[in-house]
Amino acid sequence: MAGSKQSTKGWQVLILCALTLLSLALRLVPVEAPGSILADGGVWALAAGGLWLLYRHALGTSRAFAMKRLWVLAALFAAIVTFGQSFGAVGGAGLVTAQPLVALGFFAGRVPLYAAAMALLTDALLGTAAAEGALAHAAPKAAGRVLQGWQYGLILFGCWCPWLFFIFPGTVSNDSVTMIMEAIGLKPLANGNPIFQTYLLHAFRWLGVKLGNGDITVALYCLIQAALMAWLLGVLIRQMRTSMAPRWVGVGSLVFFAVLPIFPLYAFCIGKDTNFAMAVLWLMLLCHRHCDGEKPCLKSTLCLCAAAVLCVVLRNPGVYLAVLTLAGLLVWSLQRERRSAGLWVAPAAAALCAVCVFAGIRLLLPVLGVAPMPETEEYSVPLQQVARIASEHELAPEEAEAIDGVLELDALAAAYNGELSDPVKLLWRTDAAPQQKAAFFRTWLRLALKHPGTGLAATFHNTYGYVYPGYMSRIKPTLLIGKQKTTTHLDPYFQFSVNPRSDLLIRFTDELAKNPLYRILIAPGLYGCLTLLGVSLLAGRGRGRYLIAAVPMLFTLAGCMLSAVNGYFRYSMPLYLCVPMLLWLCALAGADSGREQL
């Protein structure tokens, strides 16, 4: 009987391997382009062996491979990759419709591949954690067996320091150059970049002027930022190592943070995205501590308030992330058994601080003569949909009139870029009347209902990179290295050096990007997929207190989907920093289940 069962499983593995190998051999290409050529036989033999081990282990996991949500997510991710191949090549779904059998084979082989990978990860997070949680219930891990948070931070900082050889004193991003120019009056002061960050950079620029060397302040800013990031990640790893999560979660996170280039290159970069990502991770950590039974005190309340305020001042939409997360935390804290313990005070105070700071900034901007954030920053979805529809379909006279009232209709088709909404935003008429704007949005809704396929194609083309593992857009820089923007006008007021060795680093990372495994690890799509997987696992376990801590990640992913750029690395920075924590929360949910079974 056992032999029959093993034989059946062997046939299942063989079929899945053959299906996936066929899928990997296929590539959606334009009809006139040469077809995919099989690589060296040794590579395919290695791939076949790896798939055999993957499917055998996945089929052997207890229930993980049978979880319906994994298959649903696997089908979703496979569909995104399939259509993403077509959109990346021709800007639409033409290759899928022109080669339906190839697309079907491409899709069908990837569904079990993604499901198996998620099944193994799920079993490692939930199954292994449940077993270890049950065993550790009587004898929790001792804190003395692991390093302190600052010690893990020193390890990370030491691993990042070699990158400084190529980029010292650090990278100054495009946005940072713009903010400095605004601060010293070379450009009008605006809140398109958070005004707090603008004045922070102005303070460092002033210090550089006083010291007579801009490189010193660039290096100082980058070193302080990198030290704070390393310390924060060290605290996270320390908590992982002292929890009942499997040991590999903490060790794997340490290796991940130490090795992946995204962390040192953004740690040693002056930009608004790195410190915002750290604020998001800090908020998640504090929410988890609050839900995990930390006794309310003045220190914990002040820390939660500070994290919420930092989210507000470091990103213009950060107030929504902070308030939404704190609202969930407050509702959880107001449940009967927790209300008497005073757990509601900290989230209530933090939410109040976030709202007050946001309101204060709004009131202060006109006084300081700061222009508000451009309204088109929030219009990427409707503008891209209207632009694509106007480019592909004939418009009725009233539709054309409504669109031309706020956009330059004649230039719309030429300006449209499926992966970047900025060219269309530049066509926005800033003098448009409120009635014209209202007519435009009514027209957008009618057109979206009239041409739903085109509207969805426009949105998909502008977003799929955030959930497509391995997709690397060339629309914007990926890793910020070397000179990012011309600073000729800025030089008389603030000069800093660009390390000539950064060109070597750019060539090196470009060579690395030719490796598929590196692309999967470095591009944001994997972390969008892991965010959806982690949230679905927590929801399936009914662990509301862990889901609250994951709200900032969901909000970040949603923000990426509404952003101007497809698959932009720096927009995804909170996901890079927070995905290990989300997986840790899943492991804790598994450990909870193990304890409950005792």
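A disulfide is taken here as a pair of cysteine sulfur atoms within 2.5 Å. The structure is a predicted model, in which local features need pLDDT of at least 70 and side-chain atom pairs count only at pLDDT 80 or more, while totals for chains, interfaces and linings use all residues. Residues are numbered from 1 along each chain as its sequence is written, and side-chain values use heavy atoms, with hydrogens and water left out.

For Cys-159, the closest cysteine sulfur is in turn that of Cys-161, at 9.1 Å, again too far for a bond. The disulfide count is 0. Cys-161 is partly exposed at 30% relative accessible area, and Cys-159 is also partly exposed, at 33% (buried, under 20% relative accessible area; exposed, over 50%; partly exposed, in between; 1.4 Å probe, protein chains only).

The model holds 3 cavities of 30 Å³ or more. A cavity is a set of points on a 1 Å grid over the protein atoms alone where a 1.4 Å probe fits but cannot get out, and its lining residues have an atom within 4 Å of a point. Points are joined across faces, edges and corners, and the volume is the space filled by probe spheres set on them. The largest cavity contains about 70 Å³ of space. Helices H9 (195–211) and H10 (214–242) are the elements that give two or more residues to its lining. The lining residues include Leu-201, Phe-204, Arg-205, Thr-217, Val-218 and Tyr-221. By class, the lining comprises 8 nonpolar residues, 1 polar and 1 charged (nonpolar: Ala, Val, Leu, Ile, Met, Phe, Trp, Tyr, Cys and Pro; charged: Asp, Glu, Lys and Arg; polar: the others, Gly among them).

Helices are DSSP runs of H or I of at least four residues, and strands are E runs of at least two, numbered from the N terminus. The 17 residues of H9 should span 24 Å at 1.5 Å a residue, and the end C-alpha atoms are 24 Å apart, in agreement; the expected span is 1.5 Å times one less than the number of residues. Buried residues of H9 include Leu-201, Phe-204 and Arg-205. The buried residues of H9 pack against helices H8, H10, H13, H14 and H17 and strand S2, with contact meaning heavy atoms within 4.5 Å.

Note on methods: 1 Å grid on protein atoms, 1.4 Å probe; cavity = no way out; pocket = protein on both sides within 12 Å on 5 of 7 lines; lining within 4 Å.
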